[in-house]
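Subject: Structure handover

Hello,

Here is the structure we talked about. Please look it over, then read the notes below.

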Amino acid sequence: MLPTTMRFNQGLGLISLLHFPLLLSSLSSSSFSSFPPLVGAKSFRSSMASSPAPANPSPPVAKKVEHRMELFGDVRIDNYYWLRDDSRSDPEVLSYLRQENSYTDSIMSGTKKLESELFSEIRARIKEDDVTAPLRKGPYYYYERTLEGKEYVQHCRRPLPHSQAQVPPSVNDVMPTGDDSPEHVILDENLKAQEHDYYSIGAFEVSPNHKLVAYAEDTKGDEIYTVRVIDAETGALVGETLTGTTSYVEWAGDSALVYITMDAILRPDKDVQLFSNHLVVCEREDGLPKIIIYGLPEVGEPLKRLEGGKAVEFLDPTYSAYPSESEFSSSILRFSYSSMKTPRSVYDYDMKTGISVLKKIEPVLGGFDVSRYVTERKWANAQDGTQIPLSIVYRKDLVKLDGSDPLLLYGYGSYEVCIDPSFQTARLSLLDRGFIYAIAHIRGGGEMGRRWYENGKLLKKKNTFTDFIACAEYLIAEKYCSKERLCINGRSAGGLLMGAVLNMRPDLFKAVVAGVPFVDVVTTMLDPTIPLTTAEWEEWGDPRKEEFYFYMKSYSPVDNVKAQNYPHILVTAGLNDPRVMYSEPAKFVAKLREMKTDDNILLFKCELGAGHFSKSGRFEKLQEDAFTFAFLLKALNMIQA
């Protein structure tokens with residue numbers, strides 16, 4: 001969508017950058033959202049109580065307060081509705097969340113040694129002092145630097161020596177590092193983060209003349225951003241600070257900034273790459289990404305049709321590839337590539353000659369050998385005969401492929417999001433313990449085109465869940481694993497997937513990790529005061545209409561918990577989460593505790609100082625991976641004394 005100028009408070013305002021006008025521009029409302037609804041505006045930060053764990057801990061029991069909801073002659077009783085507190089400050093609610101965290105700590109106390117070992121080995125694979133592949137923009141190279149022991153990045157640049165600045169860019173360019181090209185740290189996130197429990201920069205944009213930088217920061221995890229403009233050389237603040245914005249920030253010339261505001265319930269009230277001589281088109285074929293380069297006619301000649309496109313070639317059977325930031329006037333395309341066994345690699349591609357030059361490959365320390373790992377692409381049959389693609393990776397010298405191997409299956413399947421198989425360093429800690437890892441590219445995602453998405457949304461949403469079950473059954477039938485060795489994982493809308501398949505086929509899985517799960521679908525979609533609810537009707541449907549109400553109720557995880565055996569379950573949440581309010585997973589866990597008939601582990605871990613994407617520091621995120629892996633190993637009885 002193109003920016004549209006409007007009057008102030010409806011879109012147009014003048015904010016001074018010294019003597020420069022700053023243009024506030026609104027974009028027309030987008031129907032696409034990559035995650036479930038934003039929920040709640042005010043946040044509360046609190047540290048977790050550190051009371052000692054009891055010798056034989058009992059799970060917390062949430063009190064029951066009847067909340068009656070009636071529509072279309074149907075009555076729903078929510079005994080845990082009281083857990084929703086938009087202010088995040090109710091002492092009783094916070095006390096309950098702390099009890100759940102303490103119970104989780106108690107149950108997992110025996111895995112602390114393993115968790116520490118996992119964290120150490122994951123961290124040891126990371127080259128802590130490193131730089132990203134420098135990108136030439138005008139007279140500078142821009143890049144990010146990480147420092148040993150530091151959680152956050154530095155945003156840096158180096159000027160080109162005058163003699164090199166006059167030479168057109170080439171794929172063979174190398175950033176100079178001599179005295180005539182000194183490094184300048186524009187912004188150090190580590191310094192900014194010192195005053196906050198959570199810190200994330202969602203945008204870092206340099207003005208076309210390289211004199212100013214606009215960045216958007218979130219200090220709570222609630223995805224409400226503050227935009228600041230600084231002098232690129234001195235770091236001094238320029239002009240006014242903008243509050244209550246999204247992270248969408250772009251320069252429109254050297255003195256105007258385009259950004260997107262939020263309305264009162266946190267909705268943005270507003271996803272081809274063009275070069276001067278080329279057009280880069282991102283396509284998909286059989287669910288895999290493709291990058292096609294087309295030459296454009298000379299200036300003044302009309303473009304009659306796109307023809308003679310040249311595809312960039314990739315090696316792995318299943319992979320992730322996408323263009324990244326490049327200069328408009330250049331003939332060089334920068335793109336990133338990885339697979340589930342190939343670390344993230346940055347290439348510069350000469351669109352005139354077709355030559356690719358590797359500029360940077362993510363270093364993986366600790367003896368990583370790509371030849372030990374195998375990636376595969378398989379297809380499972382859905383209930384209606386549709387072929388569902390699967391991406392699989394494992395270490396070939398450790399797995400037996402006789403049904404005895406542990407397997408972790410990941411799924412998402414919403415918002416037309418493509419879950420392309422990419423490399424994750426932390427995942428090696430599972431693969432090197434004999435795990436197989438698989439991604440189910442189920443309907444509701446966008447991997448196989450628009451129809452793939454449309455057949456997994458609204459009144460066809462259940463295809464997402466049955467597709468995932470079909471993938472699990474395929475993996476068992478083909479002896480990648482067994483029911484007793486199958487673990488599953490999903491976050492956000494993927495957490496809804498976890499909740500739905502848990503209720504539908506609890507016998508099929510040994511352990512489940514549901515991250516910030518969107519599990520209270522009907523109640524949330526009936527509340528237009530919750531951020532983004534009305535926009536989300538295009539994804540899930542409007543339950544104020546009878547057909548959608550009963551369809552959504554038939555799969556909504558909270559509404560379908562029943563008295564039956566469930567697998568081992570770990571549920572996570574973030575108190576400041578604006579997308580899936582913490583109370584949804586909290587209610588889901590409380591109802592599971594009330595109804596389930598087994599003695600399997602059920603844990604709820606709520607981060608009291610984070611949001612939808614959990615903690616912000618790079619090592620803090622590794623700690624969360626270590627905790628999750630320890631839970632899976634405990635559930636599968638794979639922890640050695």
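A salt bridge here is a side-chain nitrogen of Lys or Arg within 4 Å of a carboxyl oxygen of Asp or Glu. The model is predicted: local features need pLDDT of at least 70, side-chain atom pairs count only at pLDDT 80 or more, and totals for chains, interfaces and linings use all residues. Residues are numbered from 1 along each chain as its sequence is written, and side-chain values use heavy atoms, with hydrogens and water left out.

Salt bridges first. The count is 36. Asp 507 and Lys 483 form one of them, at 3.4 Å from N to O. Asp 507 lies in the loop between α8 (493-504) and β28 (511-515), and Lys 483 in the loop between α7 (462-477) and β27 (486-491), so the pair ties together parts 24 residues apart in sequence. (Helices are DSSP runs of H or I, at least four residues; strands are runs of E, at least two; both are numbered from the N terminus.) Asp 507 and Lys 483 also belong to a salt-bridge network with Glu 473 and Arg 505.

Asp 520 and Lys 587 pair at 2.5 Å, N to O. Asp 520 is buried at 2% relative accessible area. Lys 587 is buried too, at 4%. (Buried means under 20%, exposed over 50%, partly exposed in between, with a 1.4 Å probe and protein chains only.)

Next, cysteines. The whole structure has zero disulfides (pairs of cysteine sulfur atoms within 2.5 Å). For Cys 481, the nearest cysteine sulfur is that of Cys 487, 8.9 Å away.

Best wishes
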